[in-house]
Amino acid sequence: MKLKGKMVFAFLLLTACTFAEDFRVHKTNLLGAETEGKNQSVSVGINDSVILALPQDMTFVQGLEITIKVPKIVTEWRDSVAWSLYEDISPVPSEKRIDYSGKRGFVGTFANRLSQIIKIPLSEDSDIKEDAYSQFIKISDAQKQGFIFLRFQLAMKGAGDELTNAKISVSAKPILKNKGRLVIQAEPPEGTELKPFTTFVDGTNVNPEGGILLDTGSHDVSIVSDFYRNELRTVTIEKAKTENLHILFRDITPMIRLFVPQGSLVFIDETPVENYEMLIPTVPGDHTIKIVVGNYEIVKTLKAANGINYNVSVSMDAVVSEEE
């Protein structure tokens with residue numbers, strides 16, 4: 001281990017600053033965090049900064065996990081390299097800029113560790129847990145700005161070229177919520193306009209506009225309307241994925257289906273039925289159905305209600321018996 005006496009922590013490097021400071025970096029590196037959850041990485045220098053761009057769609061994102069890996073020379077020069085997370089950065093960072101102003105929200109060093117894991121919550125309902133293996137840090141304006149500003153700098157004098165030229169690996173991935181999204185695509189019967197309907201998920205009234213965020217697993221979906229038949233579905237929600245549910249609404253008109261022998265004569269409310277192999281629309285209320293098969297006549301009544309289909313069937317059988 002090198003002598004600690006050579007270390008100089010300017011501006012109390014190991015404490016957060018409550019005021020904005022102007023500073024210059026050697027290079028600005030851009031690193032994206034994709035929602036697929038795969039690690040993206042970049043190799044940076046000791047006096048560089050990294051702009052960790054947050055995903056454009058934050059629906060399933062509850063936080064960001066940053067992993068910093070340093071070469072052995074950095075640990076040999078204990079506390080020789082500092083890392084800082086900044087807030088209120090200006091101007092907007094880009095790979096072409098090196099001069100910035102901002103407040104240091106958190107500062108740390110690597111001590112004798114070869115790696116550092118940082119977890120940053122980004123949503124109010126985040127359930128990220130603190131643990132002994134990572135640093136849990138809140139950055140107040142991260143989601144508003146759409147990025148996290150990470151800066152590295154040499155925190156001592158008299159370092160040799162091996163340390164000054166060392167490279168640091170930075171990787172980042174989003175921490176995803178244990179939720180998925182249900183999108184309901186409702187379509188009215190052909191040739192009509194969509195009319196109001198109400199959606200229930202697991203018995204709770206929900207607003208389907210823009211999609212419904214649900215816990216992973218199986219859910220019961222019920223869609224009811226005064227204008228359409230009720231629709232019941234069961235959907236399975238996967239983590240950080242969107243499940244599309246297509247609903248083609250059916251007319252609420254009550255329908256009658258007839259199952260009668262060929263050649264039968266059928267009358268509904270004294271009106272003859274020409275084609276009894278098709279569904280026959282009717283209106284709510286009491287109806288009389290008369291079926292004539294040869295010399296036999298059968299009369300039945302039914303009370304029709306909206307949203308219900310009725311099957312009317314006639315069966316004829318022959319009984320064979322033996323007699324001595």
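**A guided look at one protein chain**

**Figure 1. The surface and outline of the whole chain.** The accessible surface of this predicted protein chain is about 19100 Å², and carbon and sulfur atoms hold 49% of it; such areas come from the Shrake-Rupley method with a 1.4 Å probe, and for residues only the protein chains shown count as cover. As this is a predicted model, local features need pLDDT of at least 70 and side-chain atom pairs count only at pLDDT 80 or more, while totals for chains, interfaces and linings use all residues. Residues are numbered from 1 along each chain as its sequence is written, and side-chain values use heavy atoms, leaving out hydrogens and water. The chain holds three helices and 25 strands (DSSP runs numbered from the N terminus: helices are H or I with at least four residues, strands are E with at least two). Its radius of gyration is 35 Å, well over the 20 Å that the globule rule gives for 324 residues, so the chain is more spread out than a compact globule. That radius is taken over C-alpha atoms, and the rule is 2.2 Å times the number of residues to the power 0.38. Along its principal axes, the C-alpha trace spans about 120 × 55 × 30 Å.

**Figure 2. Two nonpolar cores.** A nonpolar core is a set of buried Ala, Val, Leu, Ile, Met, Phe, Trp, Tyr and Cys residues joined through side-chain atoms within 4.5 Å. Buried means under 20% relative accessible area, exposed over 50%, and partly exposed in between (1.4 Å probe, protein chains only). The largest core has 38 residues, of which Leu150, Phe152 and Val170 touch the most other members. Among the elements giving two or more residues to this core are helix H1 (72–76), strand S10 (147–154) and strand S11 (167–176). A second, separate core has 16 residues, including Leu258 and Tyr276.

**Figure 3. Around phenylalanine 152.** Which residues does phenylalanine 152 contact, leaving aside its neighbours within four places in sequence? Among them are Val44, Ile68, Trp83, Phe110 and Val170, where contact means heavy atoms within 4.5 Å.

**Figure 4. A cis peptide bond.** Serine 90 and proline 91 are joined by a cis peptide bond, with omega about -10°. Proline 91 sits in the loop between S6 and strand S7 (99–109).

**Figure 5. Two residues with positive phi.** Alanine 111, in the loop between S7 and S8, has phi near 50° and is buried, at 12% relative accessible area. Aspartate 269, in the loop between strand S20 (265–268) and strand S21 (271–272), has phi near 55° and is partly exposed, at 36%.
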